[in-house]
Amino acid sequence: MIIRPFKLTLLIGLSLLSAIAAVIFGVSKADALQVMLKPNPPVLGDTVSVWIATDQKTGVPPTVLVDRKQFPAFQMSANRWRAFIPTTPLDQAGLKQVVVTGDGLQQTLAMQLGDRDFPTQSIWLSGSGSDLEPTDYEWDKVSAFKKLVTPQKFWNGAFLKPNEGEITTGFGVRRYYNGEFANDYYHRGIDYAGGYGSPVIAPAAGYVRLVGTVSQGFRLHGNTVGVDHGQGVESIFIHLSEIYVKEGDFVKAGQPIGAVGATGAATGPHLHWGLYVNGESINPVAWRYEGVE
């Protein structure tokens, strides 16, 4: 068969476009394994979605490794899988290797994790500061909640704003305590200055897996609700004045779950919303405005 010059030029052009797209979108191809990262490149605090396509329909999930840490992959359709890589302000920016193994093949994608500037605050404390330490019961309950990885996915699309108050403290703020920088601290969520008693709604659907109260020993968090959105994604709401749900309830996006308060270690009425992915507190911004799938 003779390929005319025009067709040859077109084929070459399409091949070049495919190669460019692979570089731009972080796609690495093999006969039976394709991997894409989004966003690529990410910055500190982003949640990175790892999309994996295989030719085989074995039902065996691929493995996703970054810095020798494995992240669970969930089946989204017959031969498509997705995993989440959380990044935090405490991570080291720079080149990361995302290693995906499936169908007997392995793909290694370069992920350039970009730095991000986070604001700093200076906090001066008097006394022992014991009210800033959680009780053992509180610590165990909250820690167990953040480690949940439910196979089902309950959310759909962008998350809702959990309270109508203005944001007073954003995600990732670093702090000095009595003039000393707290290396392991960053603000693990977003604070909303809602009025006392104003409604707190579920930003997305899920099961209530955590309810804690001051009377039970929730000294740091105050009255608390935790919602499991599935597949390692959890929301926690703290300092509440009232709680309208109980553990085991299924809540829909927009459903009231409590009211703004000042319980626990709070200087005034506000809502703290933390969003966790695979046990790490991440920046909720993309989840609110773009939706992360």
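In the predicted model, valine 225 touches Val208, Leu210, Ser235, Ile236, Phe237, Leu240, Ile243, Val245 and Ile257, when residues up to four places away in sequence are not counted. Val225 belongs to the largest nonpolar core, a set of 31 residues in which Phe159, Val225, Val233, Phe237, Ile257 and Trp287 touch the most other members. Two or more residues of this core come from each of strand 14 (190-192), strand 16, strand 17, strand 18, strand 20 (256-260) and strand 21. The greatest contribution is that of strand 21, with four residues. A second, separate core comprises 17 residues, among them Val48, Ala73, Ile85 and Val98. In soluble globular proteins, nonpolar side chains tend to be buried together.

Helix 2 spans residues 136-146, and its buried residues are Glu138, Val142, Phe145 and Lys146. Viewed down the helix axis, these buried residues fall within an arc of 95 degrees and therefore line one face of helix 2. The cover over them includes strand 16 (206-212), strand 17 (223-230), strand 18 (233-243) and strand 21 (271-277). On the face turned away from the buried side, helix 2 carries the exposed residues Asp136 and Asp140.

An open sheet is formed by four strands in the order 5-4-8-9, with antiparallel pairing. Its edge strands, each pairing on one side only, are strand 5 (69-71) and strand 9 (105-113). On average, neighbouring strands of this sheet are turned by 25 degrees against each other, direction ignored. Three bridges join strand 4 (residues 63-66) to strand 5 in the antiparallel sense. Valine 66 has lysine 69, in strand 5, as its bridge partner.

Methods
Residues numbered from 1 in each chain as written. Predicted model: local features only at pLDDT ≥ 70, side-chain atom pairs only at ≥ 80, totals over all residues. Heavy atoms only, no water. Buried < 20%, exposed > 50% of the residue type's maximum accessible area, 1.4 Å probe, protein only. Arc of directions from axis to C-beta. Contact = heavy atoms within 4.5 Å. Core = buried A, V, L, I, M, F, W, Y, C linked by side-chain atoms within 4.5 Å. Pairing = 2+ DSSP bridges. Axes fitted to C-alpha atoms, helices over the stretch in contact; angles between N-to-C directions.
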